[in-house]
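Could you walk me through this model in my viewer, one selection at a time?

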Amino acid sequence: MTQLEINGLFAEYSPSLPILEDVSLKIETGEIISIIGPSGSGKSTILRVLVGLLHPSQGHVIVNGTEVNYKSPSALKSMRDTMAMVFQQFNLFQNMSVLRNVMIAPLKIKKEPEAEVEARAKEYLEIMGLGEKFDAYPDQLSGGQQQRVALARALALRPKILLLDEVTSALDPEMVNEVLDAIRVLSTKGITLIIVSHEMAFVREVSDRVIMMDDGKVVEIGTPDEIFTAAKTQRCRDFISNIIQH
């Protein structure tokens with residue numbers, strides 16, 4: 001069943017600076033989609049448009065059969081009840097414990113009962129391997145642990161679609177694998193994942209489909225094997241070859 005549909009999407013920071021051009025995608029419920037491509041190709045911009053941080057200039061985004069009206073605050077709120085996004089930077093509240101960081105959005109935004117939210121927060125922190133860190137503060141954690149708290153915080157909102165924007169790019173190399181391991185766990189939970197990543201081995205392992213972008217356009221879409229070993233376009237073949245060589 002198609003959960004997310006993007007049709008003819010354009011976005012720009014100014015009329016002279018287009019960043020997405022005629023992007024169209026269909027994503028099924030529970031799919032794991034990875035978006036790859038060079039810097040500035042529009043990968044992260046797609047995620048920012050989906051959660052309403054940047055409004056499209058043309059095109060349509062349809063979530064669960066309903067088109068998102070980006071000019072309507074109520075429509076954006078409804079869409080954000082479906083999606084959550086984890087950014088490159090952790091953006092944790094330094095004056096709150098790990099547990100409180102994960103609880104705060106469901107409590108303040110969704111007004112959910114505290115006991116229910118706390119139980120769910122602890123469950124997701126356990127899933128992220130942070131069961132012994134409930135009372136710790138962010139400055140007591142490694143970068144990898146902080147990013148896993150950010151993942152748990154997004155999950156506490158119970159999104160149907162989780163957007164991950166280069167979540168390992170701000171980490172020291174030795175911390176990358178612990179975050180990728182946490183995402184591997186998420187990939188078994190039935191949540192639709194849209195992952196922007198430069199970790200090509202991970203993308204190849206975990207994805208159902210891979211989207212290659214360049215200059216704001218979708219260059220190619222295929223399974224990991226198709227993209228990494230039998231790409232149809234020269235641009236995709238060149239990109240993969242360059243990445244693998246380095």
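**A tour from pocket to sheet**

Begin with β6, which contributes the most to the lining of the largest pocket, at 4 residues. Keep in mind that this is a predicted model.

Now show the whole pocket, whose volume is about 600 Å³. Its lining has 22 residues, and those closest to the centre are Ala84, Met85, Ala105, Ile109 and Leu157. To see which elements give two or more residues to this lining, select α2 (73-80), β6 (83-86), α3 (98-108) and α5 (143-155). Colour the lining by residue class and you get 15 nonpolar, 2 polar and 5 charged residues.

Next, move to the second largest pocket, with a volume of about 260 Å³. Select Pro38, Ser39, Gly40, Lys43 and Glu166: of the 18 lining residues, these lie nearest the centre. Both α1 and α9 (234-245) supply at least two residues of this lining, and α1 gives the most, with 3. Here the classes divide into 6 nonpolar, 10 polar and 2 charged.

Stay with α1 and select residues 43-50: this helix lies across β1, β2 and β4 (58-63), and runs at about 110° to β1.

What is the order of the strands in the open sheet? Follow β2-β1-β4-β5, 4 strands with antiparallel pairing. At the edges sit β2 (17-28) and β5 (66-67), each of which pairs on one side only.

For a last stop, zoom in on β1 (residues 2-14) and β2, an antiparallel pair joined over 8 bridges. Click Ala11, then look across to β2 for its bridge partner, Leu20.

Definitions and conventions: Residues numbered from 1 in each chain as written. Predicted model: local features only at pLDDT ≥ 70, side-chain atom pairs only at ≥ 80, totals over all residues. Heavy atoms only, no water. Pairing = 2+ DSSP bridges. Contact = heavy atoms within 4.5 Å. Axes fitted to C-alpha atoms, helices over the stretch in contact; angles between N-to-C directions. 1 Å grid on protein atoms, 1.4 Å probe; cavity = no way out; pocket = protein on both sides within 12 Å on 5 of 7 lines; lining within 4 Å. Points joined across faces, edges and corners; volume = space filled by probe spheres on them. Nonpolar A, V, L, I, M, F, W, Y, C, P; charged D, E, K, R; others polar.
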